[in-house]
Amino acid sequence: MRTTILITSHGLNPSPDRWTAPGLELFEFAPIFPGGPEWLTKPVLIALLSSVIAIALCWAAFAKPKIIPRGWQSIGEYAYVFVRDQIARPNLGADSDRWMGFLLTIFLTVLIWNLMGVVPLIQFPVAAHIAFPLVLALIVYGIKVYLGVRHHGVRGYLRGIVHLPGLPGWAYGLYAPMILAEVFITSLFTHFVRLFANMFAGHILVAFFSSVGFWFLFERLTPLGAGLGVLGVLMTIVMTAFEMFIQFLQAFLFAMLAGMFIASGLRGAH
C-alpha cells in the first residue's frame with residue numbers, strides 16, 4: 001500500500017514510489033479553524049503577524065529616540081534613511097518628508113511579507129498570494145488619482161498626463177489613448193503583478209529543490225540518489241539566499257513605484 005509523507009512547511013507530498021513536483025497546492029489553504037470563516041487562512045494570519053512585527057519594530061526604534069542611536073533605534077534609522085534617500089527624495093523632492101511615514105510603512109510591510117517565505121515553520125511569502133499586493137497597489141492607485149484631481153482638477157490632471165511638448169497635434173490621436181491606458185490601467189497591474197510573480201516563482205523554486213533533496217535522501221537513498229539529494233539541499237540553500245535578495249529588491253521596487261505614482265498625482269504629469 002502506498003504511503004504518503006506530508007511536509008507541512010511547503011505543502012509537499014512526495015511518496016516513496018514516485019516523486020511529485022510541488023505545484024499550485026502550495027498556495028491553497030483551508031480555514032485555520034474547521035467550520036470557521038473561509039477567509040481566515042494561513043496567509044491572513046501571516047499578514048496580521050507581519051503588521052504586528054512592523055509596528056513593534058517602529059515602536060522599539062522611535063518611541064523613545066536618543067541622540068546617539070543604539071540597538072533597534074539604529075536599525076530603524078537605517079531603514080528610514082534608506083527609504084528617504086533612495087525612494088522619497090528622488091521622486092518627491094520637497095514633498096518627501098510629508099510622505100515618509102506612508103512610504104516607510106509600505107517598504108517595511110512588503111519586506112516583512114516577503115521575508116516570511118524563509119522563516120522556518122512559516123515559509124510562505126504573503127505577497128505570493130495575489131490579493132495582498134493587489135490591495136496595497138489599489139491604495140496607492142487611489143491616492144495617486146485623488147491627489148491628481150484634488151490639486152489639478154479632472155481636466156487639468158488629464159491634460160498634464162496627455163500633454164507632451166513638441167508632439168504634433170495629429171499624433172495625439174495615437175499617443176493620448178496609450179498614455180491614459182498606461183497611467184490608469186497598466187500601471188496598476190505592473191505595480192502588483194511584478195511583486196506577486198517574483199514571490200510566487202521564488203516560492204515554487206525553493207519548494208522544488210527542497211522536495212528533490214528530501215525525496216532522494218529519505219525515500220530513494222541510493223548512491224546516485226544521495227548525490228541528487230545533496231545537490232537538492234545545496235540548491236535549496238543557494239536559492240533561499242538568492243530569494244532573500246529578491247525579497248528585499250521587490251520591497252524596494254514596490255515602494256519606489258509608490259513614490260513615483262504619488263509624485264505623478266502631486267505634479268499632475270506622467
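## Basis and confidence

Residues are numbered from 1 along each chain as its sequence is written, and side-chain values use heavy atoms, with hydrogens and water left out. Because the model is predicted, local features need pLDDT of at least 70 and side-chain atom pairs count only at pLDDT 80 or more, while totals for chains, interfaces and linings use all residues.

The protein has a mean pLDDT (the predictor's confidence in each residue, from 0 to 100) of 87, and 90% of its residues reach 70 or more. Over residues 1-15 the pLDDT is below 50, although this stretch has 35 contacts in the model beyond near neighbours in sequence, a contact being heavy atoms within 4.5 Å. Where pLDDT is low, the predicted coordinates should not be read in detail.

## Nonpolar cores

A nonpolar core is a set of buried Ala, Val, Leu, Ile, Met, Phe, Trp, Tyr and Cys residues joined through side-chain atoms within 4.5 Å; buried means under 20% relative accessible area, exposed over 50%, and partly exposed in between, with a 1.4 Å probe and protein chains only. The largest such core holds 51 residues, of which Leu103, Phe107 and Ile262 touch the most other members. At least two residues of this core come from each of helix 1 (42-62), helix 2 (72-92), helix 3 (96-115), helix 4 (131-162), helix 5 (172-218) and helix 6 (223-267); helices (H or I, at least four residues) are DSSP runs, numbered from the N terminus.

Not counting residues up to four places away in sequence, Leu103 touches Val83, Ile87, Ala88, Leu92, Ala255, Ala258, Gly259 and Ile262. Another core, of seven residues, lies apart from the largest one and has among its members Val162, Tyr175, Ile179 and Val183.

## Aromatic rings

A search of the whole structure finds 15 aromatic pairs, where rings of Phe, Tyr and Trp (its six-membered ring) pair if their centres lie within 6.5 Å, with planes under 30 degrees apart counted as stacked, over 60 as edge-to-face and the rest as tilted. Trp99 and Phe102 form an edge-to-face pair, at 6.3 Å centre to centre and 80° between the planes; being three residues apart in helix 3, they are separated by about one helical turn. Trp99 is buried at a relative accessible area of 12%, whereas Phe102 is partly exposed at 23%.

Phe107 and Phe248 are also edge-to-face, because their ring centres are 6.0 Å apart and their planes stand at 90°. This pair links distant parts of the chain, with Phe107 in helix 3 and Phe248 in helix 6, 141 residues apart. Phe107 is buried, with a relative accessible area of 3%, while Phe248 is partly exposed, with 35%. Elsewhere, ring pairs link Phe27, Phe29, Phe124, Phe196 and Phe200 into a cluster.

## A buried asparagine

Asn114 lies in helix 3 and counts as buried, at 0% relative accessibility. Leaving aside neighbours within four places in sequence, Asn114 is in contact with Pro125, Ala127, Leu195, Met199, Gln247, Gln250 and Ala251.

## Positive phi in a loop

Most residues other than glycine have a negative phi. Leu121, in the loop between helix 3 and helix 4, has a positive phi near 75° and counts as exposed at 78% relative accessibility. Gln123, which lies in the loop between helix 3 and helix 4, has a positive phi of about 45°, but Gln123 is buried, with a relative accessible area of 18%.
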